[in-house]
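Thanks for coming. Please put the model up on the screen before I start.

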Amino acid sequence: MSARSIDVTVRSLDGLNLVGTLVQPVGQSNHAVVLVHGGGVTRHEAGFFTRLAEGGVASLRFDLPGHGESEGRQEELSLAGVLNAIRAARAHICQEAEVDAASLVAASFSGGLAAYYAARRQADVQRLVLFNPLLDYKQRFVDQKDFWRDDFLTEEAARDLAEQGFLPHSPTFKLSRALLNEVFWLDARRALADIQAPTLVVHGTKDTFIPVESSRDADRCLTAPHLLLEIEGAQHGFAVHDDPTYANPQSQVWQAEVIAAVRDWLSFG
């Protein structure tokens, strides 16, 4: 099925202009999908989301605040801001595609937030797909960092945060003061039982960033119809180790398998 792809601007609830790519199939579509990328990358997910969006359904992928071409700074990024960006993107695609229903697909850092969104705004999400989702933000950004002691920043880290306005998580992802405060309170894993949308969770068994055990635990917590698909041997992003552009043939095979599973779960393709 042919489709047209155009760049659009989504206005966030707090006024930021978020740049996105809207894909609309030729002909009538009664469903739409919002794609939410992980932290420190862009709406294309190195081409993975681009290929996923070719499935014959209206879709919108957008750059998170402070990412890609969108306005905002990572030094100001908050979990609540991402949740509101998801809300704005969903409203945008429903209006543009003239549909009432939308599904949500989210990766890594955004996975837990998408799950939380689906739990708290149940009527908004028809189906949910989570790729190697981060479900424990405090564990990832506090407990696993050596600049925290008993839930308090070290004096050196506190000075760095005051001077820089952020603390580093990776070379491409900065942790804001707002986000670091929110992780003590937003519990995505506990919200899983409240999700009503049928949920597909996909995770690589060799993921060293977010271990597959996290999604196995999520599989036990979910009460809505759900499926855990494990990609045997895959690293984070369904790729071989150290393949950020997904150029390795094995990475492409794994990602093709994931795309086929997602299209089947969302009933398009």
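I will go through the sheet, then the helices beside it, then the pocket and a cavity.

First, conventions. This is a predicted model, so to speak of local features we need pLDDT of at least 70, and side-chain atom pairs count only at pLDDT 80 or more, while totals for chains, interfaces and linings use all residues. Residues are numbered from 1 along each chain as its sequence is written, and side-chain values use heavy atoms, with hydrogens and water left out.

The sheet. Eight strands make an open sheet with mixed pairing, in the order β1-β2-β4-β3-β5-β6-β11-β12. Its edges are β1 (3–11) and β12 (226–231), each of which pairs on one side only. From one strand to the next the twist averages 15°. For the terms: strands (E, at least two residues) and helices (H or I, at least four) are DSSP runs numbered from the N terminus, and two strands pair if DSSP finds at least two bridges between them.

Two of the pairings in that sheet. β5 (residues 102–107) and β6 (residues 128–131) run parallel and are joined by four bridges; Ala-106 stands opposite Leu-130 in β6. β11 and β12 are also paired in the parallel sense, over six bridges, and there Val-202 has Leu-229 of β12 as its bridge partner. Between these two strands the chain passes through α8, and this β-α-β crossover is right-handed. Right-handed here means that, with the strands pointing away from the viewer, the path from the first strand over the helix to the second runs clockwise.

Now the helices. α8 (residues 212–221) lies across β11 (199–204) and β12, at about 160° to β12. α9 (residues 249–265) packs on the sheet and touches β6, β11 and β12, with its direction at about 170° to that of β12. Contact means heavy atoms within 4.5 Å; axes are lines fitted to C-alpha atoms, for helices over the stretch in contact, and angles run from 0 to 180 degrees between N-to-C directions.

There is also a hairpin: β9 (166–170) and β10 (residues 173–176) pair in the antiparallel sense over four bridges, with two residues between them. Leu-167 stands opposite Leu-175 in β10.

The grid is 1 Å over the protein atoms alone; in a cavity a 1.4 Å probe fits but cannot get out, a pocket is an open set with protein on both sides within 12 Å along at least five of seven lines, and lining residues have an atom within 4 Å of a point. Grid points are joined across faces, edges and corners, and a volume is the space filled by probe spheres set on the points.

How much space lies in the largest pocket? About 930 Å³. It is lined by 34 residues, and the closest to its centre are Gly-39, Val-41, Ser-108, Phe-209 and His-236. α1 (48–52), α4 (137–143) and β9 each give two or more residues to that lining.

The whole structure has two cavities of 30 Å³ or more.
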